[in-house]
Amino acid sequence: MNHALMLSMAADRLVRFPGRTILMGLAFLTAVYPTTLLQMLGGGAIEALNRFVGQVYPVDTVSLYPVGTETLTLADIEAVLAEVPELRDWDPVVEAGRRDLKAEGQAARVRVVGWSERAARVGRRGVTAGGFLSAGDVRMRAGVALIGSSTARRLFGDASPIGRRFTIDALAFEVKGVLEPFGVDPHGDDQDDLIVLPYTTLMERLLRVGTVTGARFLVDDAARVEPAAARLTWALAARRGLAPGQPNQFNLRTPAIVTEEVARVSRLFAGFTLAMGLVTALAAAKLVAGLMLAMVAERTAELGLRKALGARPADLRRQILAEVAIVALCAAALGLLLAALTTDALTPWLAAAVGMRELDPSASTLAVGAGAALVAGLAAAWLPARRAAALDPVAALR
Amino acid sequence: MSRLLYLRCVFWELRRGGPRVLLAAGAVALAVAVAVIATALGEGARGELHAAGAAERDMFMVKAALMPPRPGRGGGWAPSTRLSPEDADLLRASLPGVVSVVPVAGTERRVALAGRGYVVPVRGATPDYARLRKLALAAGRALDTADEAAAARVAVIGAGVARRLGDGQPLTGARIRIAGLPFEVVGQLAPRGLTAASGNEDDLVLVPLSTARHRLLNRFFLDNLLVRMAPGTDLLAARAGTLSLLRQAHGLRPGQRNEAETLAMLRSGAIQARRAQLLAGLSNLFVAVSAALGAAGVLAATWLSVTQRRAEIGLRLALGATRWQIALQILLESGVLSLIGGALGVLAATLALAVLPALTGWMAAPDGAIVGWALPLAVLSAMAAGGVPALKAAAVMPVDALKGV
């Protein structure tokens, strides 16, 4: 029997017994659709979570706060940037300690720091109202400031602080933006009680110093934070004429505990989705296999008749497998399509709920559900097909 | 027909059934196993997330509020001096859902070793503090209740302090000076580096609360209380409850300014909340999908096995069995079959849960309760799925049913 004839016979069977075909198709659909949906949603949600964690946790940051007699200048930072190509961005930090602020009859002692316009990126902290510092503000040593929400409440009450003015040491500043609230740090320091000025303004107009307190660097790849920190130390040590291994006072900090925690939680989610995929694929495979077994067993009489009319066992086997394959492929495609449509429909809602972006399911994701069902279906059809094909036609026909 | 004969009939049928019986029992076994594994994985993952996450989960801080200058007394805003250890006891006793409350009093003091030193935050806290904040020790021991009771001059130093004072040498056992007073270093914390909430968690010295209050600060009031709530507590409600408890305790009249404020640890708290939310969503979806697949398998297997027995039912009817007898026998059969399948499923799940940790890297936590509802549910659905077509089959005329033989 040639292949075309076999396929047309298989198709003919499928059309002639629509009830059986639909039942078989439903079995594959029931297996493929939920497993694929689960994998797609899971993968998308984990990606969204990782993006969120990367935005909040300083996973790719190295900070440099020299201590003791060590000092840091902008020239030092530029030299280090030239030596360590892994550093893709940086932001200087100038600490002015607590300063007396006066605004419209209110006075407060507030921590004052200087940042550049890159701090929103490097320090992962933007503004919730107004605007951030601009490159122009930094270049022009502008008299503008960002204000923490607690400070704003203390100085200006519940009214919007944007555009309001205050003075530090008789220098006037205008509030340009309100910093994103960070809450309290574990030391009990309110992270929202501070004033941020352009670092140039702070260095040259208020403090009149030539050094910065520290700097934060972003590394191009979070996995290379430690090597980058090591190279940064060498570059700085070489610039200071220190021998390798000699103690220094650079005081470099990397996100040690955060990296460990992020890795552990990533492992958790990876393990969970893997186990989830395995368990659902197994359940789907069992469902399909059971139905296939029953379907083929029901056709004993028909197969016996075909055999009595001269069909070879191999022909019968192939025909059954062809039928199952046709149905399985169609149903699996339908299942994938349905899963894609469902996630498309859910995406706007998921984007709002968990920040999930457009889903881009990987091939392996799709293979888990669809593949397990297909393999199980064909394997389950193979056994009874063999048995039926090997039947004695007389017995089968009784 | 006697009951005994019934049962013998059932067991004979099951023994003879071959692939049909295997299929149905296998479906129930799988459904039960999948339900048990799915919930155990979800439970285990929750535990692992709790263990792995930053310490700031389910926590907030009560802080002495900044009070405006008193009229006629001059000066600027200053922190309230009314937060006391009694407030900590009150919250521990009266705040619903509270797990622990750690009182903290601290300030910045010069910490020095052999004349070299710098100004560092010094925190006086009860021994719970390190555990609550998940501060791991790199060397030495943690502060304990004996230190607290004796107001001992002992300190645990952060990794940053150790690095700056000791130049890389371990400082455990060394004598340092805090604000000029000699202290013995009994422990050294593991490095924490940059975190979401703070740029620096390594420059820190911990001393017993009593030592801080009586020897370093010479004052009775506290700076803040760290409050940990039971997982899943509504933190906003707990914070509001805390403030009203403290107002009562401090005898404040309506309209008077709060002497304490509550602050959340927004950054890491947000991450913990996101992770927990995602995991809960995923594991609910997982349980739902595997339960649906398991149930579909049970229904399909039972339904098919009964439709295949139409001829046999017709024969029994023709030989004088009543419809009820047949329906009862089939129900009993599927009941026994699914019980056996369910037991196998529990066994399979137990085996799988012993192997899975090697794959995931964390322990799945089996939950006995799940067997309590998954097993009866699978058995009932198998009996229902078997019973309906069986009754239908029993309602046909024996002659029609026998035609298929």
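Me: How do you know where the domains of chain A lie?
Reply: In this predicted model, chain A is divided into domain 1 (3–54 + 261–397) and domain 2 (61–254). These bounds come from an automatic or database domain assignment. The centres of domain 1 of chain A and domain 2 of chain A, taken over C-alpha atoms, are separated by 57 Å.

Me: Which domains does chain B have, and how far apart do their C-alpha centres lie?
Reply: Chain B is divided into domain 1 (3–52 + 273–402) and domain 2 (59–264). Their C-alpha centres lie 56 Å apart.

Me: Why are α2(A) and α9(A) called roughly antiparallel?
Reply: Helix α2 (residues 18–56) of chain A packs against α9(A) at an angle of about 175°, and the two axes are 9 Å apart. Angles over 145 degrees count as roughly antiparallel, and the pair is therefore roughly antiparallel. Among the residues making the contact are A:Phe28 and A:Ala31 of α2(A) and A:Ala284 and A:Val288 of α9(A). By class, this contact has 16 nonpolar, seven polar and one charged residues.

Me: What makes a set of residues a nonpolar core, and which residues have the most contacts inside the largest one?
Reply: The members must be buried residues of nonpolar kinds, joined through C-beta atoms within 7 Å. The largest such core has 112 residues, and those with the most contacts inside it are A:Phe28, A:Val288 and A:Ala373. Helix α9 (residues 256–298) of chain A gives the largest share of this core, 24 residues. Leaving aside neighbours within four places in sequence, A:Val288 is in contact with residues including A:Ala27, A:Phe28 and A:Ala373. A second, separate core of 54 residues includes B:Ala64, B:Val120, B:Ala238 and B:Leu246.

Me: Why is helix α6 of chain B called mostly covered?
Reply: A residue is buried if 20 or more other C-beta atoms lie within 10 Å of its own. Seven of the eight residues of α6(B) (residues 159–166) are buried, and the helix is mostly covered. B:Arg163 and B:Arg164 are among those buried residues. After α6(B) comes B:Asp167, with a positive phi near 50°.

Me: How do you know that chain B touches chain A?
Reply: Two residues are in contact if their C-beta atoms lie within 7 Å, and 69 residues of chain B are in contact with 55 residues of chain A. On the side of chain B that touches chain A, the largest share, 22 residues, comes from α9(B). That side has 41 nonpolar, 17 polar and 11 charged residues.

Note on methods:
Residues numbered from 1 in each chain as written. Chains lettered and ligands numbered in written order. Predicted model: local features only at pLDDT ≥ 70, side-chain atom pairs only at ≥ 80, totals over all residues. Helix = DSSP H or I, 4+ residues; strand = E, 2+ residues; numbered from the N terminus. Nonpolar A, V, L, I, M, F, W, Y, C, P; charged D, E, K, R; others polar. Buried ≥ 20, exposed ≤ 12 C-beta atoms within 10 Å, placed from the backbone. Axes fitted to C-alpha atoms, helices over the stretch in contact; angles between N-to-C directions. Parallel < 35°, antiparallel > 145°, perpendicular 65-115°, else oblique.
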